[in-house]
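Q: I'm new to reading protein models and would like a close look at a single part of this one. Could you walk me through it slowly and then show me what surrounds it?

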Amino acid sequence: MKISFLILNAYGMGGTIRATLDLATELSVRHNVEVISVFQHADRPFLPLGPKVRLRSLVDLRPGAKVRWPYTKRAERLSQEPSALVHPEERAYASFTAWSDEVLRRELSRLRTDVLVTTRAGLNILAARFARRRVVTIAQEHLHFEAHKPGIFEEIRQWYPKLDAVVTLTEADEQDYRGMLDRFGTGVFTIGNGLAGGPRPVSRQENRIVLAAGRLVPVKGYDRLLKAFAQVVEVRPDWKLRIYGEGRVSDKLVKLATKLRLHNNVMFMGSTGDIEGELAKASIHAVSSRFEGFGMTIIEAFACGVPVVSFDCPRGPREIITSGHDGLLVPPDDVDALAAGLLKMIDDEDGRRRMAANARETAREYAISTIADRWEDAFTELVG
Amino acid sequence: MASRETRYETVPTGVGRAVTSRVDDDDTLRIEWPEPDDGKILLRNTETGEEHEGIDLSGLAAGTWTVSKHGAPLVTDDPGFSLDGLVAYAGRARDREIRAVRSPEGILHVLVREVGPYVEVARVCPEDGMVGVEGMLAYGEPRPAARSAWLVAVARKGPETAGGGTVRGRRFTGKVPIAQLTEGQTKRRVFWDLFAEIDGVRLPLAARLDDVTEKKSRVRFPAQYVGQVRVRPYFTDADSLAVACTIEEKTS
């Protein structure tokens, strides 16, 4: 079977990219798999991709990249114009241009493949509109149903019924999409992100380190994590917080950490290509998100034997974490509760070791081979 | 499993994985396996190609060494970092530091670095008109009885000054008043490198054991002011502790 993944930028880093590349790698054992990246800004992908997966890009953003004749001038002109095909409320709207519109439309109307998997709302809608009729279109939704703004939601309502299936990360999302799509015959499946196989470092629970990871953007709630951690260090001054990730609120967070006098306890680590190695050096993973579509780092932390303390925010954490068994869920938006949860995990060393062992068991349910089997079942059902 | 091969092309399968890989206090490489395994351990220097057989690592030349067994790179589950373990290892005089670390691909590496005595910074306290430092004597002889010491600040191409401190066992504390650093400053920026002076010997103050490089961009200390001069400690490119004194432009 030929399977094509269409992704915004396979060369960057982040949960969606990693999940897509790992899934493509796993499926490439038995299928002909390609990853089509709308944009390319680096020579090689940052995250690992199996050698049997073909990777190509549509719009080359690298310095000095030239579009071939006879499109050169047209590309230059259209690259300056905003996208007309992608809804301005698509979160990645700023990346798209009139040139990417043209290239995407051409690609989709020509693409010969058995299954096309698209990975975000803007691309899902384009697949529904322009993919060839014989191609089975599957849209992945990494976003929570209600997280879409009204304008793009209207487009979703209009176009998703033309898709063969929508794959959500959580069962809560599946219910929402079923309500919208059931009467059109569009299939809806829940398939979480999978965890790649391979040797994995395991935390010895010996370092007094709490780790958080994710882009430094408001939805991750790092402001609240810092405030909670300020309470933690009043009681346990030798515990450290390492925050991995980059993003637009980085300056604000550094200032807040300084204001909270966390300079001996908090480090902003930037991005890492080996988050598992860093997780295994820690003893607790903290999730302070206001919303978490799935929570891939929770699974990664589990696999490395690191229990999680998380806000019980919609939607992923509560479907992954069993509070008291492999982590702790604390009431969302409650800084005091997050601090209390972290302190409870810090002080109950036996409990933490037990949860760390349970967490490794939980992670097995998300093994990429299990996840890939579920995708293959969906393909078989849809391709018929 | 196939994904294992594709994802970690460099990692051979079928070779037993170490569950623990550490360098002990006596510079022995301690590797623990899920099952008994009697293969020979071979280290190879990644730059010179020099080989070393066995787990006694004393005298190993500086550099990065890959570890293999049965002719294949040794894969480990051990994250290769224990802050308490490294602080304990640094608890006596040594001229080289040997650490077992895990590469991002999961392979066991041994890092050998030449070291001299210094003070590993544990806390920096920029408050109450002082820059205070707490740390642990690393790779030097502990001083069992408490004695006084100095926190010395040396301006680059400039004067030096000092504040009081103490050392007891391995623990060093010291404070220098920031007014001593800013006094008579005319240049827009002056940088002071900090040292612990114990028994007349100046030891660098640095944070090197926590496995975090580039602390300059990762740690930010609060600023204090003496008039128009902003005083802010920072870690240098070499993760040593310094203080930047900057005359702030008047903003009307």
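How are α2(A) and α3(A) oriented to each other?

A: Happy to. One thing first: this is a predicted model, where local features need pLDDT of at least 70, side-chain atom pairs count only at pLDDT 80 or more, and totals for chains, interfaces and linings use all residues. Residues are numbered from 1 along each chain as its sequence is written, while chains are lettered from A and ligands numbered from 1 in the order in which they are written.

Now your pair. Helices here are DSSP runs of H or I with at least four residues, strands are runs of E with at least two, and both are numbered from the N terminus. Helix α2 of chain A covers residues 72-79, helix α3 of chain A covers residues 98-110, and the two pack at an angle of about 125° with their axes 6 Å apart. The axes are lines fitted to C-alpha atoms, for helices over the stretch in contact, and the angles run from 0 to 180 degrees between N-to-C directions. Under 35 degrees counts as roughly parallel, over 145 as roughly antiparallel, 65 to 115 as roughly perpendicular and the rest as oblique. α2(A) and α3(A) are therefore oblique to each other.

Who does the touching? A:Ala75, A:Leu78 and A:Ser79 of α2(A) meet A:Ala98, A:Trp99 and A:Glu102 of α3(A). Contact means that two C-beta atoms, placed from the backbone, lie within 7 Å. Sorted by class, this contact has four nonpolar, one polar and one charged residues. Nonpolar means Ala, Val, Leu, Ile, Met, Phe, Trp, Tyr, Cys and Pro, charged means Asp, Glu, Lys and Arg, and the others, Gly among them, are polar.

Let's zoom out to the domains. Chain A is divided into domain 1 (2-194 + 367-383) and domain 2 (209-364), with bounds from an automatic or database domain assignment. Their C-alpha centres lie 30 Å apart. Domain 1 of chain A brings 18 residues to the contact and domain 2 of chain A brings twelve. On the domain 1 side, α1 (15-27) and α6 (171-181) of chain A are the elements giving two or more residues.

What about the inside? A nonpolar core is a set of buried Ala, Val, Leu, Ile, Met, Phe, Trp, Tyr and Cys residues joined through C-beta atoms within 7 Å. Buried means 20 or more other C-beta atoms within 10 Å of a residue's own, exposed means 12 or fewer, and partly exposed is in between, with C-beta atoms placed from the backbone. The largest core has 154 residues, and A:Ala127 and A:Leu342 touch the most other members. Helix α7 (residues 222-235) of chain A gives this core the most, seven residues. Leaving aside neighbours within four places in sequence, A:Leu342 is in contact with A:Val210, A:Ala228, A:Val232, A:Ile284, A:Ala286 and A:Val309.

Another helix to look at is α10 (residues 296-303) of chain A, where eight of its eight residues are buried. Just after α10(A), A:Gly305 takes a positive phi of about 70°.

Finally, chain A has a partner: 32 of its residues are in contact with 29 residues of chain B. α1(B) supplies the largest share of the chain B side, five residues. That side has 14 nonpolar, four polar and eleven charged residues.
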